[in-house]
Amino acid sequence: MQTKSANPRWLALKALMLVIGQGRSLDSAADAVLADSTGLEARNLSLYQELLRGTCRWFLALQLILKPYLRKSFKSKDRDLEVILLIGLYQILLMRVDDHAAVNETVKLAQLQHKHWAKGLVNGILRQVIRDEVVIEAAHHAASYPQWMQQRISQDWPQHYAQILEAGNSRAPLTLRVDIRQRSVESIIQSLQNQGVTAARHEVVESAIVLDRACDVTRLDEFSAGLVSVQDAAAQLAVGLLDCRSKMRVLDACAAPGGKTAHLLQLVDDLDLIALDQDASRLQRVNQNLLRIDRHASLVCGDATAPEHWYEGSEFDRILADLPCSGSGVVRRHPDIKLLRRASDIAQLVDTQQRILVALWPLLKPGGLMLYSTCSIYKDENERQIEWFVKKHDNCVERPLDSVQWGEQRPWGRQILPGLYNMDGFFYACLQKVTADKM
Ligand SMILES: C[S@@+](CC[C@H](N)C(=O)[O-])C[C@H]1O[C@@H](n2cnc3c(N)ncnc32)[C@H](O)[C@@H]1O
């Protein structure tokens, strides 16, 4: 008989409870629960991931569907029962699990949680939903976002509103960045094919290949050899915009986990590169990434808003400011954003971004470039932020990114909305320091 810790549904429940109950991020909850499990065979591992991510993605809409079937809301000690029912609904409404199996397996979860008294309740509600022939409708896309997110997206992007919500509810592809200075994209695609992994060249991003289905990339020879790295196609566009050349002194100001640090060094391997991040444990991941691709940067643990603690006084030719943001462009990869972020976070993030930009600007050489990027689609974090910054600094001009083939040129900066060429949502603005700072 399958034990609890090898049951993908029970493990998904456990991870979701960490997200809902403790505010843990989905990725860290997923990893923590897996680490505690007795190990899942490949089929169950993908079922676990699908149940966990899918239920999280549709959580708020499923709650709405469930509501009329409940006589009263669950007490906080029975929150697990609500989550059990949502996992059941996800299987019935959004997966191709046989109804009978979905109901039985969900009832079993109540039993595994030692809530035998609730077996009839879970069974009755799910059977009623099936009898009622409930289906997911277009309006459920919006219902799976908190109201404040719906409002912000519709204010910022009224004409793209439905498309953005849908894109955020889609499953993100697994996209790899190929080190195209070492190997051609075609040869990598062929080599992956030989290992049973089907992939195709991305439509617009030269270095990107998109896998047909997710797989454990760490097992691929090309990954261990540093020839491919996991990175969304939109994120792969950043580094090319910085126009780095041999021996330049470059600051990657918010570097962890090092996706763009690695990309910078794969494009120009003799950069004098400082990778800064304030989170020491995340900085470890930059180190691991650089070891894997066999490149070097100086890793510095420090706060970008307070350079006086780490800056050694030699100005940079280039600064990459890939700043902390709301993640509103990557909701499809991180559906927990819909459950964990609060409306009030945005003003705080905007403030942090401003403080980082203002603190970094004096570190840039006259003539130097700073690339501002976020994986957000909110205008406050993007175009309004750049407008504010450029107007505040009379030695700063924006270099329009109008020679590229992707995204939308905005009054300030360039925006990719989620789903465009199957990419994450991203924003970029390239700023040039035209004269020295006034003393
Ligand atoms: C969007 S992530 C960066 C992703 C990274 N550039 C990449 O491509 O892999 C933002 C990073 O900023 C870091 N961070 C947030 N506030 C910071 C600050 N004040 N100083 C330095 N790093 C900060 C976070 O720890 C996080 O690792």
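**Charges, cores and loops of a predicted chain**

The chain carries 52 positive and 52 negative side chains, and the centres of these two sets are 6 Å apart. The model described here is a predicted one. Its surface exposes about 20000 Å², of which carbon and sulfur atoms supply 49%.

The overall dimensions come next. Along the principal axes, the C-alpha atoms fill a box of roughly 75 × 50 × 40 Å. For 439 residues, a compact globule would have a radius of gyration near 22 Å, and the value of 23 Å found for the chain agrees with this. The secondary structure comprises 16 helices and 13 strands. Of the 439 residues, 54% count as buried. Where contacts link residues at least 6 apart in sequence, 72% of them join residues at least 24 apart.

The largest nonpolar core has 57 residues, and Leu-264, Leu-271, Leu-371 and Tyr-428 touch the most other members. Two or more residues are given to this core by each of helix H8 (147-156), helix H9 (161-168), helix H12 (259-267), helix H13 (280-293) and helix H15 (343-360), and likewise by strand E6 (272-277), strand E9 (364-374) and strand E13 (426-433). Helix H13 provides the largest share of this core, namely four residues. Apart from this core lies another, of 49 residues, which includes Trp-10, Cys-56, Leu-85 and Leu-89.

Leaving aside neighbours within four places in sequence, Leu-371 is in contact with Ala-238, Leu-241 and Leu-242, with Ile-319, Leu-320 and Ala-321, and with Tyr-428, Ala-429 and Cys-430.

Seven of its nine residues are buried, so H12 is largely enclosed by the rest of the structure. The buried residues are Lys-260, Thr-261, Ala-262, His-263, Leu-264, Leu-265 and Gln-266. Their cover includes strand E1 (175-178), strand E5 (249-252), strand E6, helix H13, strand E8 (316-322) and strand E13.

The loop between E5 and H12 holds Pro-257. The peptide bond from Ala-256 to Pro-257 is cis, with omega near 10°. Pro-257 has a relative accessible area of 28% and is therefore partly exposed. Not counting residues up to four places away in sequence, Pro-257 touches Arg-282, Arg-285, Val-286 and Asn-289. Arg-71, by contrast, is 186 residues from Pro-257 in sequence and 46 Å from it in space, C-alpha to C-alpha.

Two further loops contain residues with positive phi values. His-114 is placed in the loop between helix H5 (99-112) and helix H6 (119-131). Although His-114 is not a glycine, its phi is positive, at about 60°. With a relative accessible area of 61%, His-114 is exposed. Asn-422, in the loop between strand E12 (414-416) and strand E13, is also a residue other than glycine with a positive phi, here near 55°. Asn-422 has a relative accessible area of 40% and is partly exposed.

Ser-207 is found in the loop between strand E2 (199-201) and strand E3 (208-211). Not counting residues up to four places away in sequence, Ser-207 touches Leu-176, Arg-177, Val-178, Ile-180, Val-185 and Gln-236. Arg-181 is 26 residues from Ser-207 in sequence, and their C-alpha atoms are 9.7 Å apart.

Val-134 is found in the loop between helix H6 and helix H7 (139-143). At a relative accessible area of 22%, Val-134 is partly exposed. Beyond residues up to four places away in sequence, Val-134 touches Ile-65, Tyr-69, Leu-93 and Val-129. Of these, Ile-65 is 69 residues away along the chain, and the C-alpha atoms of Val-134 and Ile-65 are separated by 8.4 Å.

Note on methods:
Residues numbered from 1 in each chain as written. Predicted model: local features only at pLDDT ≥ 70, side-chain atom pairs only at ≥ 80, totals over all residues. Heavy atoms only, no water. Rg over C-alpha atoms; globule rule 2.2 N^0.38 Å. Buried < 20%, exposed > 50% of the residue type's maximum accessible area, 1.4 Å probe, protein only. Contact = heavy atoms within 4.5 Å. Areas by Shrake-Rupley, 256 points an atom, 1.4 Å probe, with all protein chains shown as cover. Lys, Arg positive; Asp, Glu negative; His and termini not counted. Charge placed at Lys NZ, Arg CZ, Asp CG, Glu CD. Core = buried A, V, L, I, M, F, W, Y, C linked by side-chain atoms within 4.5 Å.
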